[in-house]
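Visitor: I am new to this structure. Please take one part of it and walk me through that part closely, along with what surrounds it.

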Amino acid sequence: MKATRDWFGAALTELGDARDNVVVVNCDLGSATKTLAFRDHFPDRFFECGIAEANAIGVASGLAQEGFRPFVASFGHFLTGKYLEIFQSVGLNDAGVVLVGTHAGLAIGKDGPTQMGLRDIAVMRTLPNLEILHPADGAETRAMLEYIAGHRRPTYLRLCRQPQREFHEPGHRFVFGQPDVLRSGEDIAVVTMGGVVEAVLDSLEGLAGHGIHPTVVNLSSLPADRDAVRALGDSHRGVLVIEDHYVTGGLADEVGRILLEADRPPRFSSWGVPDYGQAASPEDLYARYRLDTPAVTGHIRAFADSLAALGV
């Protein structure tokens, strides 16, 4: 088991071997963002800007305009906090910068909400020409890196700190915007991404004892394919989104807006982080915010019971 930030570091170095236009712009967090291996292999393609994300974004935008594919790496909370610079230098210029935000969600633990990436998806979704990708494991991380390197669009890559087991086979084929069905079920579709995928899959055994067999969907890239999400809604009585992000602005808003436009939308609900977050161990935080496996099992069961009570 590795964190997706670890898989990213290894895949980025391999990508550097294959593509000489790939460069890294660092913000004094090479150890945490796993970009030091790239520096060791390609010292002339590694640019250290120090604790200055705003400057790093500007440097990367200039490199992108000169034909490079720059990866700017920092904590997601710090990086997306420079929204004005991203808007002005990356978005408006359609600059091919890859913004790499690590330490997504609650897993940063005791460092607390001042460093916790909980509103990054909401911020990045406001940029109309930017793609958001959030892998669930190593195979998906590698596939996403290949996809990112193959185009020049502005990109936000969201990565986790906590180790995650593999859910995809080696050589997994990533298709941007498509719902990735990890388990086929019936009646309910549970949509998630990144670090919460494991908790949702681990809930299935407990749910089966209650006759609940949900479809588990890893929607790991946004904007989502609207037709595919509508088809998911058409084939299920209800859709539940569970995410390691604020309850507003993230995956639930993306999925909910698409489903609302359907002729006969399914029942819809969501669960996320309702406040600024706290400082504690990751295990305590996921339990407190009801995003661990027992709580996720409860969310899905309660949603299924609500559908039954309504006769849906």
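Guide: Start with the open sheet, which is built from 5 strands. Their order is β7-β9-β8-β11-β12, and the pairing is mixed. This is a predicted model, so every value here is computed from predicted coordinates. At the edges of the sheet stand β7 and β12 (267-273). Each of these edge strands pairs on one side only. Neighbouring strands are also turned against each other, by 25° on average with direction ignored.

Now look inside the sheet. Strand β8 covers residues 188-192, and strand β11 covers residues 238-246. The two run parallel, joined by 4 bridges. To find the place on screen, pick Ala-189: Val-239 in β11 stands opposite this residue.

Next, the helix on the sheet. Helix α12 lies across β8, β11 and β12. The direction of α12 is at about 150° to that of β11. Angles over 145 degrees count as roughly antiparallel, so α12 and β11 fall in that class.

Helix α12 also has a helix partner. Two packed helices are described by the angle between their axes and the distance between the axes. Here the partners are α11 (residues 226-234) and α12 (residues 251-260). They pack at an angle of about 75°, and their axes are 9 Å apart. The two helices are therefore roughly perpendicular to each other. On the α11 side, the contact is made by Arg-226, Val-229, Arg-230 and Gly-233. On the α12 side, Val-255, Ile-258 and Leu-259 meet them. By type, this contact has 4 nonpolar residues, 1 polar and 2 charged.

From here, turn to the charged pairs. Side chains of opposite charge can pair when their charged atoms come close. The structure holds 12 salt bridges. Three of them are worth a stop.

The first stop is Arg-142 with Glu-14. Their closest N and O atoms are 2.6 Å apart. Arg-142 sits in helix α8 (residues 138-149) and Glu-14 in helix α1 (residues 4-18), so this pair ties together parts that are 128 residues apart in sequence. Arg-142 is partly exposed, at 30% relative accessibility. Glu-14 is partly exposed too, with a relative accessible area of 43%.

The next stop is Arg-158 with Asp-120. Their side chains meet in a salt bridge of 2.8 Å, N to O. Arg-158 belongs to strand β6 (residues 155-158), while Asp-120 belongs to helix α7 (residues 120-124). The pair links distant parts of the chain, 38 residues apart. Are these two partners buried or exposed? Arg-158 has 2% relative accessibility and counts as buried. Asp-120 has 1% and counts as buried as well.

The last stop is Arg-165 with Asp-202. This salt bridge spans 2.6 Å, N to O. Arg-165 lies in the loop between β6 and β7 (180-183), and Asp-202 lies in helix α9 (residues 197-202). The two are 37 residues apart, and again the pair links distant parts of the chain. Arg-165 counts as partly exposed at 30% relative accessibility. Asp-202 counts as partly exposed at 33%.

Salt bridges that share partners join Arg-226, Asp-227, Arg-230 and Glu-261 into one network.

Terms used:
Residues are numbered from 1 along each chain as its sequence is written. This is a predicted model: local features need pLDDT of at least 70, side-chain atom pairs count only at pLDDT 80 or more; totals for chains, interfaces and linings use all residues. Side-chain values use heavy atoms; hydrogens and water are left out. A salt bridge is a side-chain nitrogen of Lys or Arg within 4 Å of a carboxyl oxygen of Asp or Glu. Buried means under 20% relative accessible area, exposed over 50%, partly exposed in between (1.4 Å probe, protein chains only). Axes are lines fitted to C-alpha atoms, for helices over the stretch in contact, and angles run from 0 to 180 degrees between N-to-C directions. Angles under 35 degrees count as roughly parallel, over 145 as roughly antiparallel, 65 to 115 as roughly perpendicular and the rest as oblique. Contact means heavy atoms within 4.5 Å. Ala, Val, Leu, Ile, Met, Phe, Trp, Tyr, Cys and Pro count as nonpolar, Asp, Glu, Lys and Arg as charged, and the others, Gly among them, as polar. Two strands pair if DSSP finds at least two bridges between them.
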